[in-house]
Each structure stands twice: as C-alpha cells, then as structure tokens.
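Please study the sequence and the structure before reading on.

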Amino acid sequence: MNIEFLISKVIDLFTNNPLFLEAFGYLGTTLVVISMMMSSVTKLRIVNMSGSVISAIYAAICGTWPIVVMNVCLFVINGAQLIRGAKAKRAEKRANNSIS
C-alpha cells in the first residue's frame, strides 16, 4: 500500500465526514490546552507535540496555512527542547557517575 493512497483515504474520511473533521480539530486543540496544565515539562512537550501534529493536519485539510506553520514550528521547538533536555540529563548522569 503506497503512502499517497493512504493519505487520499484519510483526506476522504475527513472531507466526507465534517463532524469527524471538526472533532479531530477539537482533539488537537484539547491536547495542546491540556499540555499547558502539566507539571512535568517532558510530558507537557510530548502531549503538546501530539496536539500540534493533529492541529497541523486539521489546519492543512482546512487550508489554513498560517496555523499549519505555527503548529509545525511548535512541534520542532518542543522536539528540540526534548532532545536538549535528554542530553543534559545524560551529561548530568555521567558527571554524577564519575564523582562516585
């Protein structure tokens, strides 16, 4: 099964079911909002990235390109911060192990 076929089927699903499309958009928005209430920064970023992907897909289907750009930027920023945090955590762990 090629990716173009799969994408066209997903787009058909959304365009033929406006209620499903709207619910998908609300899911993305809900995930982004919920992420802002999390105390764990790592969980916040992961949930926010999930919401950003869903919101970007929804916005692309609706043709609202500025919203797509914003969500892609949020995804990249959150991903970069997750990587940076993981590297810092590994460096701290190595430093603590070398002290012992």
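How close do the axes of H2 and H3 come, and at roughly what angle do they cross? In this predicted model, the two axes come within 8 Å and cross at roughly 150°. Since angles over 145 degrees count as roughly antiparallel, H2 and H3 are therefore roughly antiparallel to each other. Their crossing is left-handed.

**Helix pairs**

The table sets out the packing of two further pairs.

| Pair | Angle between axes | Distance between axes |
|---|---|---|
| H1 and H2 | about 105° | 5 Å |
| H3 and H4 | about 155° | 8 Å |

Helix H1 covers residues 3-16 and helix H2 covers residues 18-35. Their angle of about 105° makes H1 roughly perpendicular to H2. On the side of H1, the contact is made by Leu-13, Phe-14, Thr-15 and Asn-16, and on the side of H2 by Pro-18, Phe-20, Leu-21 and Phe-24. By class, the residues of this contact divide into six nonpolar, two polar and no charged.

For the second pair in the table, the angle of about 155° makes H3 roughly antiparallel to H4. H3 passes H4 in a left-handed crossing. Among the residues that meet here are Ile-46, Met-49, Ser-52 and Val-53 in H3, and Val-68, Asn-71, Leu-74 and Phe-75 in H4. The contact of H3 with H4 has 12 nonpolar, eight polar and one charged residues.

The contact of H2 with H3 involves, among others, Leu-21, Phe-24, Val-32 and Ser-35 in H2, which meet residues of H3 including Leu-44, Val-47, Asn-48 and Ser-52. This contact divides into 12 nonpolar, nine polar and one charged residues.

**Helix H4**

Helix H4 runs over residues 65-99 and has 35 residues. From its first C-alpha to its last it reaches 51 Å, close to the 51 Å expected at 1.5 Å a residue. Within H4, the residues Val-68, Asn-71, Asn-78 and Gly-79 are buried. Helix H3, residues 41-62, is included in what covers the buried residues of H4.

**Individual residues**

Is Ser-52 buried or exposed? Residues under 20% relative accessible area count as buried, and Ser-52, at 1% relative accessibility, therefore counts as buried. Ser-52 lies in helix H3. Not counting residues up to four places away in sequence, Ser-52 touches Val-32, Asn-71, Leu-74 and Phe-75. Of these, Val-32 is one of the residues of H2 that take part in the contact with H3, whereas Asn-71, Leu-74 and Phe-75 are in H4.

Ser-35 has its place in helix H2. With a relative accessible area of 0%, Ser-35 is buried. Leaving aside residues up to four places away in sequence, Ser-35 touches Leu-44, Val-47 and Asn-48, residues that belong to H3. Ser-35 and Ser-50 are 15 residues apart along the chain, and their C-alpha atoms are separated by 9.6 Å.

Thr-64 lies in the loop between H3 and H4. Its relative accessible area is 35%, and Thr-64 is accordingly partly exposed. The C-alpha atoms of Thr-64 and Ala-91, 27 residues apart along the chain, are separated by 41 Å.

How values were computed: Residues are numbered from 1 along each chain as its sequence is written. This is a predicted model: local features need pLDDT of at least 70, side-chain atom pairs count only at pLDDT 80 or more; totals for chains, interfaces and linings use all residues. Side-chain values use heavy atoms; hydrogens and water are left out. Helices (H or I, at least four residues) and strands (E, at least two) are DSSP runs, numbered from the N terminus. The expected span of a helix is 1.5 Å times one less than its number of residues. Buried means under 20% relative accessible area, exposed over 50%, partly exposed in between (1.4 Å probe, protein chains only). Contact means heavy atoms within 4.5 Å. Axes are lines fitted to C-alpha atoms, for helices over the stretch in contact, and angles run from 0 to 180 degrees between N-to-C directions. Angles under 35 degrees count as roughly parallel, over 145 as roughly antiparallel, 65 to 115 as roughly perpendicular and the rest as oblique. Ala, Val, Leu, Ile, Met, Phe, Trp, Tyr, Cys and Pro count as nonpolar, Asp, Glu, Lys and Arg as charged, and the others, Gly among them, as polar. A crossing is left-handed if the near helix is turned anticlockwise from the far one by less than a right angle, and right-handed if clockwise.
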